[in-house]
Amino acid sequence: MNAQNGKSLEFFASHPVFGHGEFLAAVTDRGRSKATANNLLALHLASGRLLRVRRGLYAVLLRGVEPAAADVDPYLVASHLQDDAVIAYHAALQFHGKAYSLWRKFHYCSKKRARMFFFQDRQFVSVLVPATLRALPDLDGGIREVRHAGGLVRVTSLERTLVDVLDAPDKGGGWEEIWRSLGMVEFFDLDVVIAYVRNLGSALTAARVGFFLEQHLETLMVEDKHLDGLQALAPAQPRYFDRKREPGKLVSRWNLVVPERVLNRDWEAKE
(Lines give C-alpha, C1' and ligand atoms only; values in the text may rest on other atoms or scores of the structure.)
Protein backbone atom coordinates (compact mmCIF):
# COMPACT_ATOMS: atom_id res chain seq x y z
CA MET A 1 0.00 0.00 0.00
CA ASN A 2 1.53 3.33 -1.02
CA ALA A 3 1.51 6.34 1.30
CA GLN A 4 -1.10 8.22 -0.73
CA ASN A 5 -3.51 5.31 -0.64
CA GLY A 6 -2.91 4.79 3.09
CA LYS A 7 -3.75 8.41 3.89
CA SER A 8 -6.93 8.15 1.83
CA LEU A 9 -8.00 5.07 3.78
CA GLU A 10 -7.37 6.91 7.04
CA PHE A 11 -9.72 9.65 5.84
CA PHE A 12 -12.37 7.14 4.76
CA ALA A 13 -12.26 5.44 8.19
CA SER A 14 -13.49 8.61 9.90
CA HIS A 15 -15.66 9.95 7.07
CA PRO A 16 -18.13 7.25 5.98
CA VAL A 17 -20.00 9.90 3.99
CA PHE A 18 -18.13 12.95 2.75
CA GLY A 19 -18.20 15.81 0.32
CA HIS A 20 -15.69 16.49 -2.43
CA GLY A 21 -14.52 19.61 -0.64
CA GLU A 22 -13.83 17.69 2.57
CA PHE A 23 -11.65 15.20 0.73
CA LEU A 24 -9.76 17.94 -1.12
CA ALA A 25 -9.15 19.85 2.11
CA ALA A 26 -7.83 16.75 3.89
CA VAL A 27 -5.56 15.65 1.05
CA THR A 28 -4.20 19.05 0.02
CA ASP A 29 -3.53 19.84 3.69
CA ARG A 30 -0.88 17.14 3.49
CA GLY A 31 0.92 18.95 0.68
CA ARG A 32 -0.68 17.29 -2.31
CA SER A 33 -2.18 19.17 -5.22
CA LYS A 34 -5.89 19.29 -6.05
CA ALA A 35 -5.14 17.32 -9.20
CA THR A 36 -3.56 14.53 -7.14
CA ALA A 37 -6.52 14.55 -4.76
CA ASN A 38 -9.00 14.29 -7.63
CA ASN A 39 -7.01 11.45 -9.17
CA LEU A 40 -7.07 9.57 -5.85
CA LEU A 41 -10.81 10.05 -5.60
CA ALA A 42 -11.31 8.74 -9.14
CA LEU A 43 -9.15 5.69 -8.40
CA HIS A 44 -11.13 4.80 -5.30
CA LEU A 45 -14.41 5.23 -7.17
CA ALA A 46 -13.18 2.96 -9.95
CA SER A 47 -11.97 0.36 -7.45
CA GLY A 48 -15.42 0.07 -5.88
CA ARG A 49 -14.38 1.42 -2.50
CA LEU A 50 -16.61 4.46 -2.90
CA LEU A 51 -20.21 4.96 -3.99
CA ARG A 52 -21.29 8.23 -5.57
CA VAL A 53 -24.36 9.43 -3.67
CA ARG A 54 -24.76 12.38 -6.00
CA ARG A 55 -22.40 14.83 -7.64
CA GLY A 56 -19.78 15.86 -5.08
CA LEU A 57 -21.00 13.50 -2.36
CA TYR A 58 -19.63 10.02 -1.66
CA ALA A 59 -20.12 7.08 0.69
CA VAL A 60 -17.46 4.59 1.72
CA LEU A 61 -18.35 0.97 1.03
CA LEU A 62 -17.44 -1.83 3.39
CA ARG A 63 -15.05 -4.33 1.89
CA GLY A 64 -16.92 -6.94 -0.10
CA VAL A 65 -20.18 -4.96 -0.29
CA GLU A 66 -21.43 -4.32 -3.79
CA PRO A 67 -22.77 -0.80 -4.51
CA ALA A 68 -26.25 -2.18 -5.28
CA ALA A 69 -26.36 -3.87 -1.86
CA ALA A 70 -24.99 -0.95 0.18
CA ASP A 71 -27.29 0.71 2.71
CA VAL A 72 -25.86 4.17 3.29
CA ASP A 73 -26.89 5.76 6.58
CA PRO A 74 -29.56 8.38 5.75
CA TYR A 75 -28.64 10.68 8.64
CA LEU A 76 -25.07 10.93 7.38
CA VAL A 77 -26.39 11.67 3.90
CA ALA A 78 -28.78 14.37 5.15
CA SER A 79 -26.02 15.98 7.20
CA HIS A 80 -23.81 16.34 4.12
CA LEU A 81 -26.31 17.64 1.58
CA GLN A 82 -25.39 21.23 2.52
CA ASP A 83 -22.44 22.67 4.42
CA ASP A 84 -24.82 23.85 7.15
CA ALA A 85 -27.36 21.00 6.99
CA VAL A 86 -29.09 20.08 10.27
CA ILE A 87 -31.38 17.05 10.61
CA ALA A 88 -34.74 18.36 11.81
CA TYR A 89 -38.48 17.79 12.28
CA HIS A 90 -39.65 14.15 12.10
CA ALA A 91 -36.17 13.02 11.02
CA ALA A 92 -34.77 14.48 14.25
CA LEU A 93 -37.42 12.67 16.32
CA GLN A 94 -36.51 9.49 14.49
CA PHE A 95 -32.79 10.05 15.04
CA HIS A 96 -33.40 10.50 18.78
CA GLY A 97 -35.51 7.33 18.86
CA LYS A 98 -38.72 9.23 19.64
CA ALA A 99 -40.72 8.85 16.43
CA TYR A 100 -43.95 6.89 16.65
CA SER A 101 -43.72 5.89 12.99
CA LEU A 102 -40.65 5.32 10.85
CA TRP A 103 -40.38 7.46 7.74
CA ARG A 104 -38.26 7.27 4.63
CA LYS A 105 -38.49 11.06 4.28
CA PHE A 106 -35.74 13.07 5.94
CA HIS A 107 -36.05 16.83 6.43
CA TYR A 108 -32.97 18.92 7.07
CA CYS A 109 -32.63 22.65 7.69
CA SER A 110 -30.29 24.95 5.83
CA LYS A 111 -29.90 28.64 5.06
CA LYS A 112 -29.68 27.71 1.36
CA ARG A 113 -32.36 26.47 -1.00
CA ALA A 114 -31.92 22.98 -2.41
CA ARG A 115 -33.93 20.63 -4.55
CA MET A 116 -35.57 17.52 -3.17
CA PHE A 117 -33.25 14.55 -3.50
CA PHE A 118 -33.90 10.80 -3.67
CA PHE A 119 -31.34 8.15 -2.81
CA GLN A 120 -31.81 4.46 -1.99
CA ASP A 121 -35.59 4.81 -1.83
CA ARG A 122 -35.31 7.66 0.65
CA GLN A 123 -36.40 11.25 0.18
CA PHE A 124 -34.31 14.16 1.44
CA VAL A 125 -36.07 17.51 1.75
CA SER A 126 -34.38 20.82 2.46
CA VAL A 127 -36.23 23.36 4.62
CA LEU A 128 -35.13 26.97 4.75
CA VAL A 129 -34.30 28.16 8.25
CA PRO A 130 -36.90 30.77 9.28
CA ALA A 131 -35.76 34.32 8.52
CA THR A 132 -35.99 35.27 12.21
CA LEU A 133 -33.23 32.77 13.05
CA ARG A 134 -30.79 33.01 10.13
CA ALA A 135 -28.65 35.78 11.58
CA LEU A 136 -28.50 34.32 15.09
CA PRO A 137 -25.38 32.43 16.23
CA ASP A 138 -25.69 28.74 15.33
CA LEU A 139 -29.23 29.44 14.11
CA ASP A 140 -30.29 30.18 17.73
CA GLY A 141 -28.79 27.02 19.16
CA GLY A 142 -30.47 23.76 19.97
CA ILE A 143 -28.24 22.03 17.43
CA ARG A 144 -26.17 19.04 18.47
CA GLU A 145 -23.15 17.54 16.75
CA VAL A 146 -23.34 13.83 17.45
CA ARG A 147 -21.12 10.87 16.56
CA HIS A 148 -23.16 8.44 14.53
CA ALA A 149 -22.41 5.44 12.31
CA GLY A 150 -18.72 6.26 12.25
CA GLY A 151 -19.17 9.92 11.32
CA LEU A 152 -20.68 13.16 12.63
CA VAL A 153 -24.19 14.47 12.16
CA ARG A 154 -25.82 17.77 13.11
CA VAL A 155 -29.31 17.37 14.52
CA THR A 156 -31.80 19.54 16.38
CA SER A 157 -32.21 18.92 20.10
CA LEU A 158 -35.47 17.51 21.41
CA GLU A 159 -36.38 20.97 22.75
CA ARG A 160 -35.95 22.61 19.36
CA THR A 161 -37.62 19.67 17.62
CA LEU A 162 -40.71 19.98 19.83
CA VAL A 163 -41.16 23.57 18.71
CA ASP A 164 -40.28 22.87 15.08
CA VAL A 165 -42.85 20.10 14.57
CA LEU A 166 -45.56 22.19 16.22
CA ASP A 167 -44.56 25.10 14.01
CA ALA A 168 -44.65 22.98 10.82
CA PRO A 169 -46.88 19.96 11.55
CA ASP A 170 -46.72 18.69 7.97
CA LYS A 171 -43.01 18.06 8.54
CA GLY A 172 -43.76 16.23 11.77
CA GLY A 173 -46.34 13.85 10.34
CA GLY A 174 -49.56 15.54 11.44
CA TRP A 175 -51.08 15.98 14.88
CA GLU A 176 -51.48 12.34 15.87
CA GLU A 177 -47.92 11.46 14.89
CA ILE A 178 -46.59 14.57 16.65
CA TRP A 179 -48.54 13.95 19.87
CA ARG A 180 -47.60 10.27 19.96
CA SER A 181 -43.94 10.97 19.19
CA LEU A 182 -43.49 13.83 21.64
CA GLY A 183 -45.31 11.74 24.23
CA MET A 184 -42.34 9.35 24.12
CA VAL A 185 -40.00 12.07 25.41
CA GLU A 186 -39.56 11.95 29.18
CA PHE A 187 -38.02 15.38 29.72
CA PHE A 188 -37.69 18.76 28.03
CA ASP A 189 -35.79 21.78 29.32
CA LEU A 190 -38.82 24.05 29.15
CA ASP A 191 -36.85 27.25 29.67
CA VAL A 192 -34.93 26.41 26.50
CA VAL A 193 -38.20 25.63 24.71
CA ILE A 194 -39.70 29.00 25.61
CA ALA A 195 -36.56 30.92 24.66
CA TYR A 196 -36.59 29.29 21.24
CA VAL A 197 -40.31 30.01 20.76
CA ARG A 198 -39.66 33.64 21.61
CA ASN A 199 -36.89 33.98 19.03
CA LEU A 200 -38.88 32.13 16.39
CA GLY A 201 -41.46 34.89 16.65
CA SER A 202 -44.66 33.01 15.74
CA ALA A 203 -47.67 33.70 17.97
CA LEU A 204 -49.49 30.68 16.55
CA THR A 205 -46.57 28.39 17.36
CA ALA A 206 -46.31 29.84 20.88
CA ALA A 207 -49.97 29.00 21.43
CA ARG A 208 -49.60 25.48 20.04
CA VAL A 209 -46.61 24.82 22.29
CA GLY A 210 -48.52 26.20 25.28
CA PHE A 211 -51.54 24.04 24.48
CA PHE A 212 -49.37 20.93 24.11
CA LEU A 213 -47.60 21.55 27.41
CA GLU A 214 -50.92 22.22 29.14
CA GLN A 215 -52.04 18.75 28.05
CA HIS A 216 -48.88 17.24 29.60
CA LEU A 217 -48.60 19.17 32.87
CA GLU A 218 -47.61 16.31 35.13
CA THR A 219 -45.56 14.14 32.79
CA LEU A 220 -43.40 17.07 31.65
CA MET A 221 -43.38 18.90 35.01
CA VAL A 222 -44.83 22.04 33.49
CA GLU A 223 -45.04 25.03 35.85
CA ASP A 224 -47.24 28.10 35.74
CA LYS A 225 -44.26 30.25 34.77
CA HIS A 226 -43.83 28.21 31.59
CA LEU A 227 -47.47 28.52 30.57
CA ASP A 228 -47.58 32.22 31.51
CA GLY A 229 -44.49 32.89 29.42
CA LEU A 230 -46.04 31.23 26.38
CA GLN A 231 -49.43 32.85 26.93
CA ALA A 232 -47.75 36.25 26.71
CA LEU A 233 -46.54 35.28 23.22
CA ALA A 234 -49.85 33.81 22.03
CA PRO A 235 -52.19 35.50 19.47
CA ALA A 236 -54.30 38.43 20.61
CA GLN A 237 -57.20 37.21 18.46
CA PRO A 238 -58.52 33.66 17.94
CA ARG A 239 -56.61 31.57 15.40
CA TYR A 240 -57.25 28.15 13.95
CA PHE A 241 -54.99 25.49 15.42
CA ASP A 242 -54.50 24.06 11.94
CA ARG A 243 -53.77 26.20 8.88
CA LYS A 244 -56.40 24.13 7.07
CA ARG A 245 -58.90 25.96 9.31
CA GLU A 246 -60.35 22.74 10.66
CA PRO A 247 -63.34 23.53 12.91
CA GLY A 248 -63.16 22.86 16.62
CA LYS A 249 -63.55 24.42 20.06
CA LEU A 250 -62.03 27.69 21.21
CA VAL A 251 -59.45 27.26 23.95
CA SER A 252 -59.53 30.79 25.31
CA ARG A 253 -56.21 30.77 27.16
CA TRP A 254 -54.37 30.23 23.87
CA ASN A 255 -56.87 31.88 21.51
CA LEU A 256 -56.87 28.65 19.52
CA VAL A 257 -59.71 26.90 17.74
CA VAL A 258 -58.59 23.33 18.37
CA PRO A 259 -60.04 20.37 16.43
CA GLU A 260 -61.89 18.06 18.81
CA ARG A 261 -59.82 15.08 17.68
CA VAL A 262 -56.73 16.91 19.01
CA LEU A 263 -58.47 18.35 22.06
CA ASN A 264 -59.69 14.89 23.08
CA ARG A 265 -56.72 12.95 21.65
CA ASP A 266 -59.08 10.64 19.81
CA TRP A 267 -56.22 8.41 18.69
CA GLU A 268 -55.85 7.13 22.26
CA ALA A 269 -59.17 5.34 21.81
CA LYS A 270 -57.49 3.20 19.15
CA GLU A 271 -55.05 1.76 21.67
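How many bridges join strand E1 to strand E3, and do the two run parallel or antiparallel? Three bridges join E1, residues 17–19, to E3, residues 57–60, and the pair is antiparallel. Strands here are DSSP runs of E with at least two residues, helices are runs of H or I with at least four, and both are numbered from the N terminus. Two strands count as paired if DSSP finds at least two bridges between them.

Before going on, a word on the model. It is a predicted model, where local features need pLDDT of at least 70 and side-chain atom pairs count only at pLDDT 80 or more, while totals for chains, interfaces and linings use all residues. Residues are numbered from 1 along each chain as its sequence is written, and side-chain values use heavy atoms, with hydrogens and water left out.

Back to E3. Val 17 has Ala 59 as its bridge partner in E3. Strand E2, residues 50–54, is also antiparallel to E3, with four bridges; there Leu 50 is partnered by Val 60. E2 and E3 make a hairpin with two residues between them, and Gly 56 in the turn has a positive phi of about 85°.

Next, another sheet. Three strands form an open sheet in the order E10-E12-E11, with mixed pairing. E10 (239–240) and E11 (249–251) each have a single partner strand, so they stand at the edges and one side of each lacks a neighbour in the sheet. E10 runs parallel to E12, residues 256–258, through two bridges, and Tyr 240 has Val 257 as its bridge partner in E12. Helix H9, residues 203–214, packs on this sheet and touches E10, E11 and E12; contact means heavy atoms within 4.5 Å. The direction of H9 makes about 55° with that of E12, taking axes as lines fitted to C-alpha atoms, for helices over the stretch in contact, and angles from 0 to 180 degrees between N-to-C directions.

Now one residue. Glu 176 is in helix H7, residues 175–182. Glu 176 has a relative accessible area of 25%, so it is partly exposed; buried means under 20%, exposed over 50%, and partly exposed in between, with a 1.4 Å probe and protein chains only. Leaving out residues up to four places away in sequence, Glu 176 touches Trp 267 and Lys 270. Between Glu 176 and Ala 135 there are 33 Å, C-alpha to C-alpha, and a separation of 41 residues in sequence.

That is what I have.
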